[in-house]
Amino acid sequence: MTDHKNPSKVDSLPAPEAGRRVLIKGQQTKTVIIDAALGLASQIGLEGLSIGAVAEVTGMSKSGVFAHFGSREELQISVIREYHDRFEAEVFYAAMQKPRGLPRLQALFDNWMVQTSAEIDSGCIYISGAVEFDDRSGPVRDALASSVSTWQTALRRAVELAQAEGQLSRASDAHQIAFEIHGLILALHYEARFLRNPNAADRARQGFQHILARYAGSGTSPAPTTSSAPASAAKSPKLVAVPKARRKPTHD
C-alpha cells in the first residue's frame, strides 16, 4: 500500500518563491533581534549583552536567537554595526546636505549634539563600549574601534575641507582641531550623564564656537552660536541623566 501525504503549503510553493520568503522572514527576524539587542546594550552595556538576555526581551528561545548569530560575540558585533549605521545616517549623512566647509562642520556638530542629547538617559555605545573594552583585545573591540576611527576620520575630513575653503587656518593641525571637538562630546557625556549638569549642552556649544574662533582662517569670523538642529533639541531643557535600575549581566 502506498502512502499519499498531502503536501504542506510551503512544499507546494515554487522553490525560488519559497526560498525567498524564508530568506525575507529570516532577515526580518534578525532585524528585530538586533533592534532589541541595541536597546538592551544602550542600557546595560555591550558586556552585559547575551543570547539569553536578548531571548528574554524578544520572547524568543535561546536557540532561536543563537541560530541567527551563532555566538554572543557575533551578536555584540552586529549591535556595534547597527549602531554605527544609525549614527552615520543621523549625524554624518544628514550633514552632507550642507555646503562643504564650516556649514558642514557646524551641521556635523549640531547633529552630534542632538544624538548625544537623545542618549543621555540611555548611553552612547561608542563611549560605554570604550570603557568596557579599552583593556581587551578581540573582534568586539576591533569592531568598536574601527567604527569610532571611521567617524573620527570623517570629522577630520570635514575640518580639512573647512581649511581648504579658507574658513579655518590652513596652518593648523586638522587632527588637533578634530581632537578638541571630540573632547567636547566626551566632556558633555561626563558632565550631563554623571554629574547631571543641566548647563553641559550650552557649555559644549560655547566650546565649539571657541574652537572655531581660535582656528579661524584669515579674514574669516566664526558663525554665531546658532544651531541647525530643531529648537527643541538646541535648548536641551532636560539634558540630565535619570538613574535606571541596571540589570545583572548574564553570560549565556
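Which hand does the crossing of α3 and α4 have? The crossing of these two helices is right-handed. The model described here is a predicted one.

## Helix α3 with helix α4

Helix α3 covers residues 51-58 and helix α4 covers residues 62-69. The residues of α3 that make the contact are I51, G52, V54, A55 and T58, and those of α4 are K62, V65 and F66. By class, the contact of α3 with α4 holds 5 nonpolar, 2 polar and 1 charged residues.

Two packed helices are described by the angle between their axes and the distance between the axes.

| Helix pair | Angle between axes | Distance between axes |
|---|---|---|
| α3 and α4 | about 115 degrees | 8 Å |
| α5 and α8 | about 10 degrees | 9 Å |
| α7 and α8 | about 140 degrees | 10 Å |

## Helix α8 and its two partners

Helix α8 runs over residues 139-164, and helix α5 over residues 72-95. Angles under 35 degrees count as roughly parallel. The angle of α5 and α8 is about 10 degrees, so these two helices are roughly parallel to each other. On the α5 side, the contact is made by E73, Q76, I77, I80, H84, F87, E88, V91 and F92. On the α8 side, P139, V140, A143, L144, S147, T150, W151 and A154 take part. Sorted by class, the residues of the contact of α5 with α8 are 11 nonpolar, 4 polar and 2 charged.

Helix α7, residues 125-133, also packs against α8. With an angle of about 140 degrees, α7 and α8 are therefore oblique to each other. The crossing in which α7 passes α8 is left-handed.

The largest pocket has a volume of about 360 Å³. Its lining has 17 residues, and those nearest the centre of the pocket are G123, I127, S128, V131 and R193. Helices α2 (15-44), α7 and α9 (174-194) are the elements that give two or more residues to this lining. The lining of the largest pocket divides into 7 nonpolar, 7 polar and 3 charged residues.

The second largest pocket holds about 300 Å³ of space. This pocket is also lined by 17 residues, and Y126, I127, A130, L144 and V148 lie nearest its centre. At least two residues of the lining come from each of α7, α8 and α9. The largest share, 6 residues, is supplied by α7. By class, the lining of the second largest pocket has 13 nonpolar, 2 polar and 2 charged residues.

Notes
Residues are numbered from 1 along each chain as its sequence is written. This is a predicted model: local features need pLDDT of at least 70, side-chain atom pairs count only at pLDDT 80 or more; totals for chains, interfaces and linings use all residues. Side-chain values use heavy atoms; hydrogens and water are left out. Axes are lines fitted to C-alpha atoms, for helices over the stretch in contact, and angles run from 0 to 180 degrees between N-to-C directions. Helices (H or I, at least four residues) and strands (E, at least two) are DSSP runs, numbered from the N terminus. Angles under 35 degrees count as roughly parallel, over 145 as roughly antiparallel, 65 to 115 as roughly perpendicular and the rest as oblique. A crossing is left-handed if the near helix is turned anticlockwise from the far one by less than a right angle, and right-handed if clockwise. On a 1 Å grid over the protein atoms alone, a cavity is a set of points where a 1.4 Å probe fits but cannot get out, and a pocket is an open set with protein on both sides within 12 Å along at least five of seven lines; lining residues have an atom within 4 Å of a point. Grid points are joined across faces, edges and corners, and a volume is the space filled by probe spheres set on the points. Ala, Val, Leu, Ile, Met, Phe, Trp, Tyr, Cys and Pro count as nonpolar, Asp, Glu, Lys and Arg as charged, and the others, Gly among them, as polar. Contact means heavy atoms within 4.5 Å.
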